[in-house]
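Hi,

Here is the structure I promised to pass on.

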Amino acid sequence: MEVPKRFDPGAVEKRWREFWLKSGSFTAKPESGKVPYCIVIPPPNITGRLHAGHALNATLQDILIRWRRMQGRDTLWLPGTDHAGIATQMVVERELQKEGKSRHALGREAFLERVWAWKAEHGDAIVEQLQRLGASCDWSRLRFTLDDGLSQAVREVFVRLFEEGLIYRDKAIVNWCPQCRTALSDLEVVHREVAGKLYHLNYPVKGTAQHITVATTRPETMLGDTAVAIHPADERYRGLVGKTVILPILQREIPIIADEAVDRTFGTGAVKVTPAHDPNDFAMARRHNLPAVVILDESARTTPEAGPYAGMDRYACRKKLVTDLSAAGILAKVEDHPHAVGRCHRCDTVVEPMLSDQWFVRMVPLAREALAAVEDSRIRFIPDNRKNDYFEWMRNIHDWCISRQLWWGHRIPAWTCASCGRLIVARQDPASCPSCGQASLVQDPDVLDTWFSSALWPFSTLGWPEQTPDLARYYPNSVLVTAYDILFFWVARMIMMGLKFMGRPPFEQVYFNGLVRDEKGRKMSKTRGNTVDPLDLMDRFGTDALRFTLAAMASPGADTVLDLKRVEGYQAFGTKIWNAARFVLLNLPEGTEATKPEFRASSANLSITDRWIISRVNAVSREVDQALEQFRYDEAASTLYHFVWHEFCDWYIEMVKPSLIGDARDTLEGRRSRAILLRVLDRALRLLHPFMPFLTEEIWQRLPHEGETLVLVDYPHYREEEEDSDAEKEVGFLIAAVTKLRNLRAESNLPAGLKLEALFHTDLSRPRRIVESHAATLCTLARLSAFRFVAEIPGDLAAARGVIPGLEMALPLAGVQDPHEERRRLEREMEKAQKELAGLEAKLANESFTGRAPQDVVAKVREASRELRERIEKLSRAASELPLAGLSSGPE
């Protein structure tokens, strides 16, 4: 059979990607009657390019979906993209700026046409990149958060919540980004500590020689002050409540009020009240019926209310105002004052608290059931400790500002009648006012927060509000796989909306993957210059190598360190698999078919080595299944790597090679070896397929097989009848003996081509039987010319000595090795064994371990401790008996 010497990832990946998509291999089969298994993808932004976080998240989802599909489940991995309101609008606005245009000059409708045109040209790039990664989504069900179906769901949810009083419009202080020109929710503001200043200002009390000193970190906001507040129990200001102060610079008269919200320990205990630019002050103003004076506009420039400072940038205004206050004797002092400043999570601009009309969702009523769903384990978080963050946020939740001052997005379905002022919220665009009958209706210009539509994703993508067959079959979803940093942005809100509108949680489990960091453990960022482009890695190392790396390093909730050396290492793993498969294929007769009896190896008349490898691949099937059930991708990958590289390639193939050479090929043993190689390779490829889909498909298609694609064949499962502990113990002992002999050769710096006779000693029958029954394999793999069992290995023998449980061994070194070096080697080995023994004995001395651990685990530790003591004793004796002069060449 013609098999290329090298695996070419580029050509192979393109061929199988196109085949899978064309054949419908990933399409859900709701009519199949199989048990459904559904995952909805966290929708990437249409502006996005596949980054390391996407690659990790998509790989982990794909492993689950491919695994469950091969297990016989009706799998639906539902893909989609997010319209990404702010991000997409900013991209298109930058294009317009290059043309010397603005969205305002274009007008709303023309601008939206331009955005849709951009989406048509660029919006599917992230989809193509996910497909290149091997994402086995049902691409026939691709959704978009602004498509007609999802838009209907968004409007239905908005109207229902409004009708129930859970959505309302109000004047409120919001987080305002002057760069993005929109309100932000609390979650979209990132707070960072800065080395700021605290300015102490003297406000004159009208009609007296007194002044009251207030402290502020934002002196420019004094231009919007409408009161000074003190705590009613503060003795320092007794008698001042009810008086007024003269606001410096503007000379506006404002009252001194008493309010229990004032912190007497901050600054002077007297605070300036700026209702339009501070949320606490706004609440205080409502209690005391104070006016709100807006002194900053949407771009953070001062309004006419700022008097002589009107039209200035906020920081320029601060600088000029502080100079003027100092000159007027109003500025008492300035202190260093570290404090947290909020910044826009998207553009990093300092956010301004701004008074404006916005739409809000009342969150407390929605949060109650969402809290209970996690508390009573209807939804399980993996890892479990994420519940603590969830509970903390949900128990202290604030109303959610859902309106955004953008054009691209779901426009708020609310209209105001210009004739009578009635507010209308409707499922369909109204033609006239239901109160006065006039048609002069003005729709709210704002759009909804992108996360509003994303919160409906688990059910809106399945056809809700229509009661579709997909909705009935695939809701709730089986699992959500997402990064922990959007727990509040997305996960919590999906739980609330799912419970509210479907009456059930949106998913049964949530697996939180970590963030991807560089090889030094640092968070990747463009400013740091340490970002890694997964598309470049796929070009360089192959997609399978990247996927296996991400899986091998994915531990629940822990951040993933993406080290290029690991990717390179797993590229070598792929090469190892390819070479092993090539060896098997080249040893198959031409025209071999899966139906031929000699290539359907049965358990009858198998050698102990065959029984061992079948038992091992069977055990690996169980271990991988168990690991994936627990979302231990790292353990599953490690198990597969160890089995394929070491047990199958390094040991089994090497053990059976002699039976595939020359005339031995056509013997019963040779035919049996080829059959077992084929059987185990096929099973290994199935086990590996969810992790390395392209390589495994390419090899499997070259094997004798039944079925159109590896995607749809059965995943290996554990079979009790294939478990063979006797074979595993026997071959395990043989491997330990060969490994020890190889180590003795390496530590003694013996030439690779030099064959030596080995001496063995044992008082037990089993080790001797194993060694003698595998004599040819032992000599071949350990490069021995021969071996002998002796009653005792002489102490004066110049030899490299080693011990494994039940067997002492020596490689005579007379004329080959320096005995001094051999003694040093024995002492190093003994020191290593003593360290291992100390660790085991410390564990056995720990009552917590011996009292709580399963007794079989404690017994294994005791046995390992006993074996180490025996080994140390034998090594010590060998080292002490080894003479450094007059050495003999061996027993006579």
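Proline 383 sits in the loop between β15 (380–382) and α11 (386–395), and the peptide bond that joins isoleucine 382 to proline 383 is cis, with omega about 0°. Bear in mind that this is a predicted model. There is also a cis bond from tyrosine 475 to proline 476, again with omega near 0°. Proline 476 belongs to the loop between α14 (469–474) and β22 (477–483).

While you're checking the backbone, look at alanine 84 too. Its phi is positive, about 50°, although alanine 84 is not a glycine. You'll find alanine 84 in the loop between β3 (80–81) and α3 (85–98). With a relative accessible area of 5%, alanine 84 is buried. Arginine 783 has a positive phi as well, about 55°, and is not a glycine either. The loop between α25 (775–782) and β27 (784–789) is where arginine 783 is found. Arginine 783 is partly exposed, its relative accessible area being 35%.

On to the cysteines. How many disulfides are there? The count is zero. Cysteine 177 is buried, with a relative accessible area of 0%. Cysteine 420 is in no disulfide either, the nearest cysteine sulfur being that of cysteine 433 at 3.6 Å. Cysteine 420 is partly exposed, at a relative accessible area of 40%.

Next, helix packing. The axes of α18 (residues 564–586) and α22 (residues 693–702) come within 11 Å and cross at roughly 0°, so α18 and α22 are roughly parallel to each other. On the α18 side the contact is made by Gly574, Ile577, Trp578, Ala581 and Leu585, and on the α22 side by Leu695, Glu698, Ile699 and Arg702. Sorted by class, this contact of α18 with α22 has six nonpolar residues, one polar and two charged.

What about α23 and α24? The axes of α23 (residues 725–747) and α24 (residues 765–773) come within 10 Å and cross at roughly 75°, which means α23 is roughly perpendicular to α24. From α23, Lys729, Glu730 and Phe733 meet Arg766, Pro767, Arg769, Ile770, Val771 and Ser773 of α24. The contact of α23 with α24 divides into four nonpolar, one polar and four charged residues.

Last, the aromatics. Searching the whole structure gives 33 aromatic pairs. One of them is phenylalanine 459 with tryptophan 464, edge-to-face, at 5.2 Å centre to centre and 85° between the planes. Phenylalanine 459 and tryptophan 464 are both buried. Tyrosine 511 and phenylalanine 631 have ring centres 5.3 Å apart and planes at 20°, so that pair is stacked. Tyrosine 511 is in strand β23 (residues 507–513) and phenylalanine 631 in the loop between α19 (608–629) and α20 (633–656), so the pair ties together parts 120 residues apart in sequence. Tyrosine 511 and phenylalanine 631 are both buried. There is an aromatic cluster to look at as well, formed by Phe548, Tyr570, Phe573, Tyr641, Trp645 and Phe691.

Cheers

Definitions and conventions. Residues numbered from 1 in each chain as written. Predicted model: local features only at pLDDT ≥ 70, side-chain atom pairs only at ≥ 80, totals over all residues. Heavy atoms only, no water. Disulfide = S-S within 2.5 Å. Buried < 20%, exposed > 50% of the residue type's maximum accessible area, 1.4 Å probe, protein only. Axes fitted to C-alpha atoms, helices over the stretch in contact; angles between N-to-C directions. Helix = DSSP H or I, 4+ residues; strand = E, 2+ residues; numbered from the N terminus. Parallel < 35°, antiparallel > 145°, perpendicular 65-115°, else oblique. Contact = heavy atoms within 4.5 Å. Nonpolar A, V, L, I, M, F, W, Y, C, P; charged D, E, K, R; others polar. Phe/Tyr/Trp six-rings, centres within 6.5 Å; stacked < 30°, edge-to-face > 60°.
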